[in-house]
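Please look through the sequence and the model before reading on. The paragraphs below go from the whole chain down to single side chains.

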Amino acid sequence: MSDGNAAKKRKKTGEKYEMVLADLQNADVHKVFWEPVTGVDDYHEVIKEPMDFSTMRKKAKNGQYQDDDEFEADLLLMFNNCRKFSPAGSFWHDEANRLQKVMTDDVFPRYGMEAAANIDSDQEDEEASRDEAEFEAVVRQETEMMGGEDNAREARKKELDELEANAKMDTMELLKQFGDPEAILKASRELQSKSRLRKAGGDDAPSESSSSSESDEEDSEGSGSGDDDGSQE
């Protein structure tokens, strides 16, 4: 094949690849792969060979793709980079899977191309298992939290039940000591009255015994005085 014919073939092939890229970009409604990734911390430390649609368009226009395999290899590099940097279950990871499926099932057949590689079924199973494990971990954590709340409520109920039981026991003891509810009420009022007297009089307030002694002395003096008056008469 002459150089002229080879150049024409590369140009025609490049034009086909540009149309394929245009269809894939139309399917990439969120523009995830349109331009090189910029402004993302650590991206270029993780991804050593970035790829995007704009870079591929330039290569296609310059006739840098020798065949479909080279073209597909760059597309797969782009999707795999996204899956490598973005965790399974993330929006970006899912978009890479979705767009690769569009490429394989829709765009490539439209141009008489056959994808040499599909999304690895083992990889899909692994991602599904990982997502399921993460979901189970979240459910287990929520269950443990709910169990902790239930235990706290049960402990509080037990505490209240014990307080109620103790209150009933105290009431029974009072009934045994004073005999009936009216006696309990009377004893309670007497205790409250004595407590108020002590608070009002302070430490100098006379005790019941001292008041009783003073009363006895006054009665004795009164009695003696009466006897004297009688003798004078």
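A residue is called buried if its relative accessible area is under 20%, exposed if over 50%, and partly exposed in between, using a 1.4 Å probe and protein chains only. By that rule leucine 99 is buried, because its relative accessible area is 0%. The model is predicted, so local features need pLDDT of at least 70 and side-chain atom pairs count only at pLDDT 80 or more, while totals for chains, interfaces and linings use all residues. Residues are numbered from 1 along each chain as its sequence is written, and side-chain values use heavy atoms, with hydrogens and water left out.

Start with the whole chain. Helices (H or I, at least four residues) and strands (E, at least two) are DSSP runs, numbered from the N terminus. The protein chain has eight helices and zero strands, and along the sequence the pattern reads α-α-α-α-α-α-α-α. Of the 233 residues in the protein chain, 23% are buried. The accessible surface of the protein chain is about 17100 Å², and carbon and sulfur atoms account for 49% of that; such areas come from the Shrake-Rupley method with a 1.4 Å probe, and for residues only the protein chains shown count as cover. Contact means heavy atoms within 4.5 Å. Among contacts in the protein chain between residues at least 6 apart in sequence, 63% join residues at least 24 apart.

Now go inside. In soluble globular proteins, nonpolar side chains tend to be buried together. A nonpolar core is a set of buried Ala, Val, Leu, Ile, Met, Phe, Trp, Tyr and Cys residues joined through side-chain atoms within 4.5 Å. The largest one here has 27 residues, and those with the most contacts inside it are Leu24, Phe33, Phe53, Phe71, Leu75, Phe79 and Phe108. Helices H1, H3, H4 and H5 each supply at least two residues of this core, and the largest share, seven residues, comes from H4.

Which residues does leucine 75 contact, leaving aside its neighbours within four places in sequence? They are Leu21, Leu24, Phe53, Met56, Met103 and Phe108. Leucine 99, in helix H5, has its own list under the rule that leaves aside neighbours within four places: Leu24, Ala27, Asp28, Phe33, Phe53 and Phe79. Leucine 99 and leucine 24 are 75 residues apart in sequence, but their C-alpha atoms are 7.4 Å apart in space.

Helix H3 has Phe53, Ser54, Met56 and Ala60 as its buried residues. Seen down the axis of H3, these fall within an arc of 160° (taken from the directions from the helix axis to the C-beta atoms), so they line one face of the helix. They pack against H1, H4 and helix H5 (91–110). Just after H3, glycine 63 takes a positive phi of about 70°.

Last come the aromatic rings. Rings of Phe, Tyr and Trp (its six-membered ring) pair if their centres lie within 6.5 Å; planes under 30 degrees apart count as stacked, over 60 as edge-to-face and the rest as tilted. The count comes to eight aromatic pairs. Tyrosine 17 and tyrosine 65 form an edge-to-face pair, 5.9 Å centre to centre with 90° between the planes. This pair joins helix H1 (residues 3–27) to the loop between helix H3 (53–61) and helix H4 (68–85), across 48 residues. Tyrosine 17 and tyrosine 65 are both buried. Tyrosine 17 and phenylalanine 71 form a stacked pair, at 4.2 Å and 5°, which links H1 to H4 across 54 residues. Ring pairs join Tyr17, Tyr65, Phe71 and Phe108 into a cluster.
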